[in-house]
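Here is a friendly walk through a protein model with its ligands. Please keep the sequence and the 3D view open beside the text.

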Amino acid sequence: MGLKGKKQSFNILKGEGEDAELQSFDIELDEGMVVLDCVHRIQHEQQPDLAVRWNCKAGKCGSCSAEINGRPRLMCMTRMSDVVAETPEGQAIEIRPMKAFPHVKDLVTDVSWNYEVAQRIKPIKGPDTMDWEFNQMEADRVQQFRECIECFLCVNTCHVLRDHALFDDFAGPRNLVRLAQYEMHPLDTEDRVPEIKKEFGVEYCNITRCCTEVCPAGIQITDDAIIQLKERVVDRYYDPLQRIWRTITRQKVRY
Amino acid sequence: MTEEYTKHEYDVIVIGAGGAGLRAAIEAARSGAKTAMITKSLLGKAHTVMAEGGCAAALQNADPRDGWKVHFHDTMKGSKWLADWRMAELHAKEAPDRVRELEQWGAVFDRTPNNLINQRNFGGHTFPRLAHVGDATGLELIRTLQERGIHEGIDIFMEYTVRHLLKEGDRVTGCVAYTRVDGDFHAFSAKSVVLATGGITRCWSVCSGSWEYTGDGHALALWAGAELRDMEFVQFHPTGMVWPPSVRGILVTEGVRGEGGRLTNSEGERFMFNYVPEMFASDHAETIEESDQWVEEVVSGKLATVRRPPELLTRDVVAKAINSEVKAGRGSPHGGAFLDISHRGEEAILKKLPSMHHQFKELAGVDISKEPMEVGPTAHYVMGGVRVNAETQESNVPGLYACGEVASGLHGANRLGGNSLSDLITFGKRAGEHAAKRADTLAQPGIEDAQVQSAITEMLAPLNREGGENPGLIYDEMRDMMQAKVGIIRTKEEMTEAMDDLAAFNERQAACFPGTSRKYNSGWHQALDLKNMVDVSTAATLAALTREESRGGHTRDDFPGETEAWGKIINIIYMEDGEMKVRQENVEPMRDDLGDAIKEVKSMIAERAAEQAGGGN
Ligand SMILES: Cc1cc2nc3c(=O)[nH]c(=O)nc-3n(C[C@H](O)[C@H](O)[C@H](O)COP(=O)(O)OP(=O)(O)OC[C@H]3O[C@@H](n4cnc5c(N)ncnc54)[C@H](O)[C@@H]3O)c2cc1C
Ligand code: SF4
Ligand code: SF4
Ligand code: FES
């Protein structure tokens, strides 16, 4: 389907905090556009003070998260051809900022909570030697987690935060991924299990997998990160026998 | 009318939170200095996050024949012998330790079969040298430094933009910034200021850079009395995306060619074989068979016994070749060349180039494991920047340091791929260390209210106008102009026009109107950036007009080829009485022992090439 010359309406949340409301904009589309291009076109042609974050325009920096037609996505990696196809003819495409975070202005939200939690996570602790030796298979296990671009779409989607606002009790999927990345590093010797249980509240996660579904980096947040952390907590606090069993059989706990 | 502002006091202020800024801040904090880091974006979003291919360091993991002398030689040769040899020496010697240190801070690089950091081939590097993580090495680097940095007691100011450096007599004593979110003003007193603001490539309309790349640090330095060098040298990366229009310029990593990618024209010809310069002729493959054999050997982890494909020539050469093919009517449908990696198969591509696969699939609807990409040159990196002391990274203005892309010297006329990430960590560390050392000896400077107020007045000016042009339009037109008149191929005529155009843009920017709001007003931020862009574009054009030869990232249609005389001269840009000036300086002759090192490496390469040309085994 060609987009060139097509007129398209957008409803974009405009304004600050409580006073923000949807405002309508019409623009003409071009071939190959992504949603972020449309927001920029509106900014350039009609509304220079429209607030939006972006950097790389290639899905690498995680700056441009928003809710497009109600679905949390990166604006720079969402093709207009797809969005036009999913929007009923004649209806406007809706773009809102992420809902779980305090609203700043237009499409910009305050995501500083994620950085504050990150600061409380103990960094890696490994050998003092210069050359660290481990193989590619061991690297593979953690490299997945290190592909996180910190878009915070997972945090925005998680009901523990989005609906129940348990920001003080739960670290959120992004930072659980960070914890998993350290915990599964082949040479790390730090112990983070107590805080994974208490401060970071891994047990609040009830494995709905909503975070995994929206992750643009394709990280298996729930299965590969969170469940592994939960297992460590279970091993330590609830079930020493099961730990022995698992070491022998090398089987994972089934939930 | 006086505006309110918040005051802060630090020993060391680092402006920028990319690889260079983070590394500098970590070192300053570790040296005991009270350190702050200021960034226009959120933490972890700086340009560095976009770097793909890898970080160059002679670790000797992938090929034991490598070493600092070979890396030093490659960097000097790639720079067309214009790099500051002292910087190239320090870089080649120190980069390996800086990379290993990243590993201790949690970086997880791809591994060799011996469980060490793996290294890949890149253009201009004699041996496989780039430590990497698939094609997302910059992400690994910035995240590692970020995760280390937040535990070093550095105060981090996110979404603050520095617009002005405070001075006391000759020396720099702090800076003034506005917050992007609220439009509030902040004045920082500092004993040392480190610029780590990255590059200027947003001045061209086809570029691989983000909105941040408006040359803020280059301009701040110039305004504060610092000298810039090498500003005529802008690297046009040969492989940017060309289709669809909205992604034009986005980078396609050189890693694709390092992994065996082939460049062809519309006639299916591997045209790079026709563009091998004399200087590189002996160490590149002459036939498709030889080049295929090289790829086969290298990707299976063996030492190469034949010579590398011409696709891996330095970036300036490949970019100009694609440009010539398009001009000769042999371009791809959207005005580029074809780059094909599909022969490596889906599995290898998904492992080695996952983000390229994703990027083309999502943005262009192309599956690179099955079909070729269309690529063309994109403005990618500026070799020029603040002239610094090689050891300390201090500029000619006391108290003002620079590191990373905003600094200059290491890359001369052309930067080798992978030599930027290693530059950031090597010289970031040095800048932080020396900035802290200086701070140790000084008392806290005061903040002179008059300077702050005049900076604030200037920042508020666009919002106080009655009306005017949308800054976005001026921005677009100026970038198009630079692309057309100061692009890959340059002439005196066009650049003289460009100088006039820039003067006109300067007047227009001073009258634009972005609305009146101070709250997250992107138009206002852009209006302020326009001034930097005019000044750094002028610096680049002025230097380019002066250099009457073609070398590395500077190609003159009216002066083709290198001249011996210009091979010993660098251009220095500076301000005098409010006016931008350029002067020439001779490069310092290389220290004898380094000259010997170069000779040694040259003869090693010649021997090896002779062996390999014989079909080698
Ligand atoms: C797509 C792409 C791929 C690349 N791939 C590679 C590669 O594989 N290997 C390699 O070696 N190099 C690569 N490069 C080049 C390399 O990534 C950059 O040169 C390098 O990351 C620059 O780092 P930096 O720390 O100097 O600046 P940046 O990472 O750009 O950081 C600049 C910082 O300064 C801040 N800043 C700027 N102006 C202001 C201001 N006025 N006030 C406050 N803060 C400010 C910004 O917010 C940002 O935090 C690539 C570049 C691109 C664009
Ligand atoms: S799986 Fe857990 S972390 Fe992810 S969205 Fe569901 S509850 Fe939240
Ligand atoms: S885990 Fe995925 S969704 Fe969450 S912040 Fe990282 S990249 Fe985004
Ligand atoms: S702009 Fe970087 S992820 Fe969208």
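## Ligand shells in chain A

In chain A, α9 (210-214) and α10 (221-237) each supply at least two residues of the shell around ligand 2. Helices here are DSSP runs of H or I with at least four residues, strands are runs of E with at least two, and both are numbered from the N terminus. Before going further, note that this is a predicted model: local features need pLDDT of at least 70, side-chain atom pairs count only at pLDDT 80 or more, and totals for chains, interfaces and linings use all residues. Residues are numbered from 1 along each chain as its sequence is written, chains are lettered from A and ligands numbered from 1 in the order in which they are written, and side-chain values use heavy atoms, with hydrogens and water left out.

A residue joins a shell if one of its heavy atoms lies within 4 Å of the ligand. For ligand 2, the surrounding residues are Cys158(A), His159(A), Cys205(A), Asn206(A), Ile207(A), Thr208(A), Arg209(A), Cys210(A), Cys211(A), Thr222(A) and Ile226(A). They divide into six nonpolar, four polar and one charged. In this scheme Ala, Val, Leu, Ile, Met, Phe, Trp, Tyr, Cys and Pro are nonpolar, Asp, Glu, Lys and Arg are charged, and the others, Gly among them, are polar.

Around ligand 3 sit Cys148(A), Ile149(A), Glu150(A), Cys151(A), Phe152(A), Cys154(A), Arg174(A), Cys215(A), Pro216(A), Ala217(A) and Ile221(A). That shell has nine nonpolar, no polar and two charged residues.

## A helix facing both chains

Which residues of helix α3 (residues 112-119) of chain A are buried? They are Trp113(A), Asn114(A), Tyr115(A), Val117(A) and Ala118(A), where buried means under 20% relative accessible area, exposed over 50% and partly exposed in between (1.4 Å probe, protein chains only). These buried residues pack against α5 (153-157), α6 (159-162) and α7 (172-183) of chain A, and also against α4 (137-149) and β6 (155-158) of chain B. Contact means heavy atoms within 4.5 Å.

## The two chains side by side

Accessible areas in the table come from the Shrake-Rupley method with a 1.4 Å probe; for residues, only the protein chains shown count as cover.

| Property | Chain A | Chain B |
|---|---|---|
| Secondary structure | eleven helices, seven strands | 16 helices, 21 strands |
| C-alpha box along the principal axes | roughly 65 × 40 × 35 Å | roughly 75 × 50 × 50 Å |
| Buried residues | 56% of 255 residues | 67% of 617 residues |
| Accessible surface | about 11,200 Å² | about 19,800 Å² |

Chain B comes to 16 helices and 21 strands. Its radius of gyration is 23 Å, close to the 25 Å that the globule rule gives for 617 residues, so chain B is as compact as a globular protein of that length. The radius is taken over C-alpha atoms, and the rule is 2.2 Å times the number of residues to the power 0.38.

## Aromatic pairs

Rings of Phe, Tyr and Trp (its six-membered ring) pair if their centres lie within 6.5 Å; planes under 30 degrees apart are stacked, over 60 edge-to-face and the rest tilted. By this rule there are ten aromatic pairs over all chains. The rings of Trp204(B) and Phe236(B) have centres 6.3 Å apart and planes at 85°, so the pair is edge-to-face. Trp204(B) lies in the loop between β9 (185-195) and α5 (216-223) of chain B and Phe236(B) in strand β11 (residues 234-241) of chain B, so the pair ties together parts 32 residues apart in sequence. Trp204(B) counts as buried at 0% relative accessibility, and Phe236(B) counts as buried at 7%. Also in chain B, Tyr10(B), Phe157(B), Tyr160(B) and Phe188(B) form one aromatic cluster.
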